[in-house]
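I opened this entry to look up how two chains meet. After that I turned to one chain by itself.

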Amino acid sequence: MSRPAHRRPEYHKINKDLFVLTYGALVAQLCKDYEKDEDVNKYLDKMGYGIGTRLVEDFLARSCVRRCHSYSEIIDIIAQVAFKMYLGITPSVTCNNSSRTEFSLILDKNPLVEFVEELPAGRSSLCYCNLLSGIIRGALEMVHLAADVTFLQDTLKGDRVTEIGITFLKKLDEKKYRRKK
Amino acid sequence: MSRPAHRRPEYHKINKDLFVLTYGALVAQLCKDYEKDEDVNKYLDKIPHTFLHHRGYGIGTRLVEDFLARSCVRRCHSYSEIIDIIAQVAFKMYLGITPSVTCNNSSRTEFSLILDKNPLVEFVEELPAGRSSLCYCNLLSGIIRGALEMVHLAADVTFLQDTLKGDRVTEIGITFLKKLDEKKYRRKK
């Protein structure tokens with residue numbers, strides 16, 4: 001049974017340490033470039049947005065996810081498929097409001113900060129992992145969903161876990177969404 | 001049979017695309033910061049050294065330690081063995097590819113790693129305008145050099161061929177600078 005050359009599943013899997021090092025280098029470089037934490041955070045988010053818009057195509061192609069009919073389903077896919085694929089972890093999910101548009105992803109373990117003992121001196125407002133918020137936001141926008149994404153808890157700021165809050169801004173119009181198939 | 005919590009093999013494996021795109025963001029940022037290609041190249045090469053030796057960043061030591069632990073490599077007795085491990089174990093582990101190896105001199109201190117496919121440039125169509133001397137993947141030279149330094153080996157590492165510069169393959173040249181003293185090396189066990 002011959003396997004098509006481009007479908008080498010193992011080819012796409014790597015050890016995460018080199019990625020974690022590269023991410024650290026990126027944050028360090030931005031900290032050199034921008035004095036204010038807010039600017040570093042903003043820039044990380046912007047970079048992440050660009051990455052998210054490109055990543056989502058590969059994600060959809062590789063993960064073969066079905067069409068979602070609710071925000072909850074989308075959040076589940078982000079947590080159980082996307083995070084697993086790109087960061088090797090599966091955050092747990094909570095829904096924070098009754099209209100089911102506000103969610104949280106709770107990360108017990110955050111690979112991005114594995115080698116970071118603490119925030120650099122004078123960088124107490126640095127949102128070290130802010131690339132992730134941009135990525136999630138950019139990816140969702142490519143599938144026509146607008147969302148706010150922020151870090152609600154951060155282990156580097158003393159919290160017990162990392163919590164990413166995702167709030168969908170437009171009500172998902174099911175009929176309209178299905179027609180896009 | 002219980003498995004120790006820290007030895008979760010799958011936990012360490014991720015899809016490479018996020019890494020590749022993040023690497024691209026790093027290169028793009030450095031291109032903003034440094035006008036000359038030589039400076040970008042130098043900086044990319046230096047980054048791993050900073051991480052490996054700076055006390056605040058444990059990652060370098062961890063990277064090498066983790067690699068040695070996970071790959072269970074035996075003690076090497078020649079530079080050829082070391083190069084084989086870099087190609088077949090390290091590259092496989094961190095980039096998902098296995099470059100082929102050539103030895104370029106009779107004293108067996110100069111080697112090349114030939115990459116048919118280079119995952120780092122998968123999303124890069126061409127070098128940015130005005131960046132014809134940019135060595136896009138130069139972080140790799142720094143990593144290889146830094147990692148070898150951690151095991152007391154000095155080497156020069158450069159890109160001899162680069163697909164982004166029109167070459168057919170990517171070729172990384174590794175030249176060991178000190179003769180490997182076997183007896184001395186063994187004693188370090």
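**Interface of chains A and B**

I looked up the buried area first. Chain A and chain B bury about 4,300 Å² between them. Of that area, 63% is on carbon and sulfur atoms. I note here that the model is predicted.

Next I checked contacts. I found 40 residues of chain A in contact with 40 residues of chain B.

How many salt bridges does the rule find across the interface of chain A and chain B? It finds 1. I looked up the partners: Arg62(A) forms a salt bridge with Asp17(B). Their closest N and O atoms are 2.4 Å apart, and the cut-off is 4 Å, so the pair qualifies. I also looked up polar contacts. The count between chain A and chain B is 10 residue pairs, both residues at pLDDT 80 or more.

**Which elements of chain A take part**

I then listed the elements that give two or more residues to the side of chain A that touches chain B. They are β1 (13–15), α1 (17–33), α2 (37–63), α3 (71–87) and α4 (130–142) of chain A. Which element gives the most? It is α1(A), with 15 residues. I sorted the residues on this side of chain A by type: 23 are nonpolar, 6 polar and 11 charged.

**Strand pairing between the chains**

I followed β1(A) across to chain B. It pairs with strand β1 of chain B, residues 13–15, in the antiparallel sense. The pairing runs over 3 bridges. I picked out one partner: Asn15(A) is bridged to Lys13(B) in β1(B).

**Chain B by itself**

I counted 6 helices and 5 strands in chain B. Read along the sequence, the pattern is β-α-α-α-α-β-β-α-β-β-α. Buried residues make up 49% of the 189 residues in chain B. I took the contacts in chain B with a separation of 6 or more; residues 24 or more positions apart account for 59% of them.

**Strand β5 of chain B**

Is β5(B), residues 170–176, mostly covered or mostly open? It is mostly covered, with 6 of its 7 residues buried.

I looked up its pairings. Strand β3 of chain B (residues 110–115) runs antiparallel to β5(B), joined by 6 bridges. Within that pairing, Glu110(B) has Thr175(B) as its bridge partner. Strand β4 of chain B (residues 155–161) also pairs with β5(B) in the antiparallel sense, over 6 bridges. There, Thr158(B) stands opposite Gly173(B).

Conventions:
Residues are numbered from 1 along each chain as its sequence is written. Chains are lettered from A and ligands numbered from 1 in the order in which they are written. This is a predicted model: local features need pLDDT of at least 70, side-chain atom pairs count only at pLDDT 80 or more; totals for chains, interfaces and linings use all residues. Side-chain values use heavy atoms; hydrogens and water are left out. Contact means heavy atoms within 4.5 Å. Buried area is the accessible area (1.4 Å probe) that two parts lose on being put together, summed over both. A salt bridge is a side-chain nitrogen of Lys or Arg within 4 Å of a carboxyl oxygen of Asp or Glu. A polar contact is a pair of N or O atoms within 3.5 Å; within protein, one must be able to donate a hydrogen and the other to accept it, and residues adjacent in sequence count only if both atoms are side-chain atoms. Helices (H or I, at least four residues) and strands (E, at least two) are DSSP runs, numbered from the N terminus. Ala, Val, Leu, Ile, Met, Phe, Trp, Tyr, Cys and Pro count as nonpolar, Asp, Glu, Lys and Arg as charged, and the others, Gly among them, as polar. Two strands pair if DSSP finds at least two bridges between them. Buried means under 20% relative accessible area, exposed over 50%, partly exposed in between (1.4 Å probe, protein chains only).
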